[in-house]
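Please read the report below alongside the sequence and the coordinates.

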Amino acid sequence: MSEGARLGSEGDLVDIDWILEIVLAEQASMRGGELFGRREVVNLSEDIRRALADRQGTTSVVVGTYDDVVLGVALVEIEQLVDGGLLGRLGALAVHPEARKAGIGEAMMQHVLEQLRSAGCLGVDATALPGDRHTKNFFESFGLKARMLTVHLSLSASE
């Protein structure tokens with residue numbers, strides 16, 4: 001039994017949608033999670049479908065597997081900067097909660113970093129919600145560090 005990562009395909013969509021439903025519901029209850037769901041990941045399923053159909057190589061989907069069962073997904077984007085440089089962005093990285101200690105996230109992250117290095121990206125950005133220590137620690141284990149913070153004041157009575 002082993003973990004792995006590979007480029008995703010349209011045949012993985014049922015598993016991808018299942019994972020995203022669980023992980024996004026989990027994130028909604030975290031600090032910043034409701035607005036994150038309404039702004040940053042509101043079209044995540046459509047973004048993944050577009051990435052699977054992308055033939056230009058600017059977006060891709062990486063799936064994490066355990067014994068060939070898809071239990072993780074990452075949306076990878078390559079953004080061209082004003083000066084012509086390339087920046088990799090993780091639009092999402094999600095692993096089914098019951099599979100988080102199996103090395104699936106690590107396998108996906110290694111795959112993503114190799115892909116972005118091969119594309120000539122100068123770096124990679126990813127997002128972690130405030131207080132989500134596990135995600136922050138995961139990214140830091142790969143050398144990612146905060147380069148910018150977004151601060152927010154809710155003007156809604158519901159928050």
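Buried means under 20% relative accessible area, exposed over 50%, and partly exposed in between, with a 1.4 Å probe and protein chains only. This is a predicted model, in which local features need pLDDT of at least 70 and side-chain atom pairs count only at pLDDT 80 or more, while totals for chains, interfaces and linings use all residues. Residues are numbered from 1 along each chain as its sequence is written, and side-chain values use heavy atoms, with hydrogens and water left out.

**Confidence**

The pLDDT is the predictor's confidence in each residue, from 0 to 100. Its mean over the chain is 93, and 99% of the residues reach 70 or more. Helices (H or I, at least four residues) and strands (E, at least two) are DSSP runs numbered from the N terminus; among the elements of the chain, helix α2 (residues 33–39) has the lowest mean pLDDT, 88, whereas α4 has the highest, 98.

Helix α4 spans residues 104–118, and its 15 residues reach 21 Å from the first C-alpha to the last, close to the 21 Å expected at 1.5 Å a residue, where the expected span is 1.5 Å times one less than the number of residues. Its buried residues are I104, G105, A107, M108, M109, V112, L113 and L116. With contact taken as heavy atoms within 4.5 Å, these buried residues pack against β1 (3–7), β2 (59–66), β3 (69–80), β4 (86–95), β5 (124–125) and α5 (133–140). Just after α4, G120 takes a positive phi of about 85°.

A nonpolar core is a set of buried Ala, Val, Leu, Ile, Met, Phe, Trp, Tyr and Cys residues joined through side-chain atoms within 4.5 Å. The largest one has 20 residues, and those with the most contacts inside it are L90, M109, V112 and L116. Elements β3, β4, α4 and α5 each supply at least two residues of this core, and its largest share, six residues, comes from α4. V112 touches V62, A74, V76 and L90, leaving aside residues up to four places away in sequence. A second, separate core of 19 residues includes V41, I48, V73 and L129.

D67, in the loop between β2 and β3, has a phi near 50°, a positive value in a residue other than glycine, and at 36% relative accessibility D67 counts as partly exposed. D68 lies in the loop between β2 and β3 as well; its phi is positive at about 70° although it is not a glycine, and D68 is exposed, with a relative accessible area of 71%.

**Salt bridges**

A salt bridge is a side-chain nitrogen of Lys or Arg within 4 Å of a carboxyl oxygen of Asp or Glu, and a search of the whole structure finds nine.

| Pair | N to O distance |
|---|---|
| R6 and D12 | 2.9 Å |
| D17 and R49 | 2.7 Å |
| R147 and D125 | 2.6 Å |

D17 lies in helix α1 and R49 in helix α3 (residues 44–53), so this pair ties together parts that are 32 residues apart in sequence. R147, in the segment after α5, and D125, in strand β5, are 22 residues apart; R147 counts as exposed at 57% relative accessibility, whereas D125 counts as buried at 19%. D12 sits in the loop between β1 and α1 (13–28) and is buried at 6%, while R6 is partly exposed, with a relative accessible area of 33%.
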